[in-house]
Amino acid sequence: MSRTETDSIGPIEVPEDAYWGAQTQRSLINFAIGQERMPLPVLHALALIKKAAARVNDRNGDLPADIARLIEQSADEVLGGKLDDQFPLVVWQTGSGTQSNMNVNEVIAGRANELAGNGRGGKSPVHPNDHVNRSQSSNDCFPTAMHIAAAQAVKEQLLPAIAELSSGIAEQSSRYMTLVKTGRTHMMDATPITFGQELSAYVAQLDYAEKSIRAALPAVCELAQGGTAVGTGLNSPHGFAEAVAAELAALSGLPFVTAPNKFAALAGHEPLTALSGALKTLAVTLMKIANDLRLLGSGPRAGLAEVKLPANEPGSSIMPGKVNPTQCEALSMLACQVMGNDTTITFAASQGHLQLNVFKPVIIHNLLQSIRLLGDGCRNFNEHCIAGMEPDAGKMAEHLERGLMLVTALNPHIGYDKSAQIAKKAYSEGLTLREAALQLGFLTDAEFDAWVRPEKMLEAGSNG
C-alpha cells in the first residue's frame, strides 16, 4: 500500500506506513549505494535543531504557536528514538546532506500532521520546508548537526571510556611500581625499569591524547546554524544564529555558540579535522599499548612471557590449549581503522569548493565511527585485558639477572670501554656479567655487588 507525495519534481508513491515524503523516497531510489546508513546521532541532532528552531521562530513571531508545538512534539519523538526506522537513507548521497535534512523535515512534518489529525505524511498543517525548515538551509543545518553529534559522542562515549582505561592502567602501575624488570630499547635489552614505571608511560600517553581531544572541542562547539545557503544568513532573521545556538546549548547541556564566520563554517571543516587528528593521536597511543602488551605477553615458553594476559577464549581450532592476545589484536585493528578514517576525513575536508564543502556525510560517518570504536575499545580493553593482567615476577627476575645492560652501572666506576669489554665477553662466552668482569680483572667481587644493583638503577643520579 502506498500514498502519493509531491515535491518540486512532481508526484511519487511513498509507502503508506512511512512518515517521510517525496524527497526521502527519491533519495532511496537514486542512491541505492552500500549499506552504510546515515548515523542516527546525526539525525537526532537534526531533530534537535528543528526543535530549537521552532522555539526561536515561535518567539520571533515567525511561526504560529500551534505549529511550533506540533514540530517540537514530533521532534521529541525522534529524539526519544521512537521513529528511528523512518531514517533509511545512506551516507552516499548528496555531499551537503540535503536529503537527510529533508528526511528529518518530512518525518517531523509527517508525524506532526498525524498528531494534528490530518493523517500520516503530507504538508498540512505542518509543511516540511515552510515550517520545519523555517529560517534554515540544509547547508547550515547539516554541518551544525555534524558538530552536535560529534560533541555529544565525545562527551558521552569517548571521554568517560578514556578515563576508565587510564584509571585501570594507573591502578596496575601503582600496584607494581617496585617490581624491577629489564627495560628494552630498539627491541633489545636495556637498563632496568619497574613494571609500574613502564605502565605509567601509557597513562601519560592517554592523558596527552585526552587533552588533545578536549582542546579540539571548543571549535566543534561553534555552530554553522544561521548561515543558511552560502553563509550570508539569507531568510534567517536577525539574531537567529545566536538565539538558536543558545537554545541548542540549553537543550543539550553543551557549550554551543554561533560560529564567528558562517562562510568558513559551511565551506570548511577544520574543527572536525582537528578533532579527527586528536582521535588519531589516541589511536596511536592505543596501538602502542596493545603492541607492548602482546610482546610482553608473548610465549608462554618461547617468548618474553613477562605478562600474563587474561585467557578469555581458546586461541586455535587446531592447537589445543593455545591462548592468543585477542584483546590486543582487536584494539590494534580498530586503531588502524581510526587512522584510515582520519585519512578519509582529511582528504574530504580539503575538498571545500567555493562556498560549500560537499563531502559532509562521509566526514561525519567516519568521525562518529572513530569515536564509537575508540570508546568501545577503551572500555573493552580495560575490562577484558588490563583488569585481569598479571606480571610474571619470576620471569622478570630471570631476564633481569641475565641482562647484559646492567653493565651500564659500571660506567662511572671503570669507564665505558672496559664496561663494553665485560658485556661483549659475557655475551660471546655465555658468561654472567660478574664472571666476565672478574676474569678480565676490572673489579672485585665485592665491588660488583656494590655497583651492580638493579634497584638502584631506576632514578637519575643513581650509581653516581
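Helices and strands are runs assigned by DSSP, at least four residues long for a helix and at least two for a strand, and they are numbered from the N terminus. With that in hand, let's work through this predicted model.

**Exercise 1. The whole chain**

Task: Find how many helices and strands the protein chain has, and compare its radius of gyration with that of a compact globule.

Solution: 
- Step 1. Counting the runs gives 17 helices and 10 strands in the protein chain.
- Step 2. For 464 residues, a compact globule would have a radius of gyration near 23 Å, while the protein chain has 30 Å.
- Step 3. Now look at the extents: along the principal axes, the C-alpha trace spans about 100 × 50 × 35 Å.
- Step 4. Turn to burial. Of the 464 residues, 51% count as buried.
- Step 5. Finally, take the contacts with a separation of 6 or more: 71% of them are between residues 24 or more positions apart.

**Exercise 2. Surface and charges**

Task: Work out what share of the accessible surface belongs to carbon and sulfur atoms, and how far apart the mean positions of the positive and negative charges are.

Solution: 
- Step 1. The accessible surface of the protein chain is about 20800 Å², and carbon and sulfur atoms hold 54% of it.
- Step 2. There are 37 positive and 48 negative charges, and their mean positions lie 2 Å apart.

**Exercise 3. Salt bridges**

Solution: 
- Step 1. A salt bridge needs a side-chain nitrogen of Lys or Arg within 4 Å of a carboxyl oxygen of Asp or Glu. The structure holds 27 of these salt bridges.
- Step 2. Arg 26 and Asp 7 form one of them, with an N to O distance of 2.7 Å.
- Step 3. Arg 26 is in helix α1 (residues 22–30) and Asp 7 is in strand β1 (residues 2–7), so the pair links parts that are 19 residues apart in sequence.
- Step 4. Check burial, for which the cut-off is under 20% relative accessible area. Arg 26 counts as buried because its relative accessibility is 18%, and Asp 7 counts as buried because its value is 15%.

Task: Are Arg 59 and Glu 247 buried or exposed, and what does their salt bridge tie together?

Solution: 
- Step 1. The closest N and O atoms of Arg 59 and Glu 247 are 3.0 Å apart, and the two residues form a salt bridge.
- Step 2. Arg 59 belongs to helix α2 (residues 40–60) and Glu 247 to helix α8 (residues 240–252), so this pair ties together parts that are 188 residues apart in sequence.
- Step 3. With a relative accessible area of 54%, Arg 59 is exposed, whereas Glu 247, at 10%, is buried.

Solution: 
- Step 1. Arg 111 and Glu 114 form a salt bridge whose closest N and O atoms are 2.6 Å apart.
- Step 2. Both residues lie in helix α4 (residues 98–115), 3 residues apart, which is about one turn of the helix.
- Step 3. Arg 111 is buried at 16% relative accessible area, and Glu 114 is partly exposed at 24%.
- Step 4. For the network, follow the shared partners: Arg 55, Asp 58, Arg 59, Arg 69, Glu 72 and Glu 247 are joined into one.

**Exercise 4. Backbone angles**

Task: Which residues does a cis peptide bond with omega of about 5° join, and where does Ser 135 lie?

Solution: 
- Step 1. Most peptide bonds are trans, and most residues other than glycine have a negative phi.
- Step 2. A cis peptide bond joins Ser 124 and Pro 125, and another joins Gly 299 and Pro 300.
- Step 3. Ser 135, with a positive phi near 65°, is found in the loop between α5 and α6 (138–175) and is buried at 8%.

How values were computed: Residues are numbered from 1 along each chain as its sequence is written. This is a predicted model: local features need pLDDT of at least 70, side-chain atom pairs count only at pLDDT 80 or more; totals for chains, interfaces and linings use all residues. Side-chain values use heavy atoms; hydrogens and water are left out. The radius of gyration is taken over C-alpha atoms; the globule rule is 2.2 Å times the number of residues to the power 0.38. Buried means under 20% relative accessible area, exposed over 50%, partly exposed in between (1.4 Å probe, protein chains only). Contact means heavy atoms within 4.5 Å. Accessible areas come from the Shrake-Rupley method with a 1.4 Å probe; for residues, only the protein chains shown count as cover. Lys and Arg count as positive and Asp and Glu as negative; His and the chain ends are not counted. The place of a charge is taken as NZ of Lys, CZ of Arg, CG of Asp or CD of Glu.
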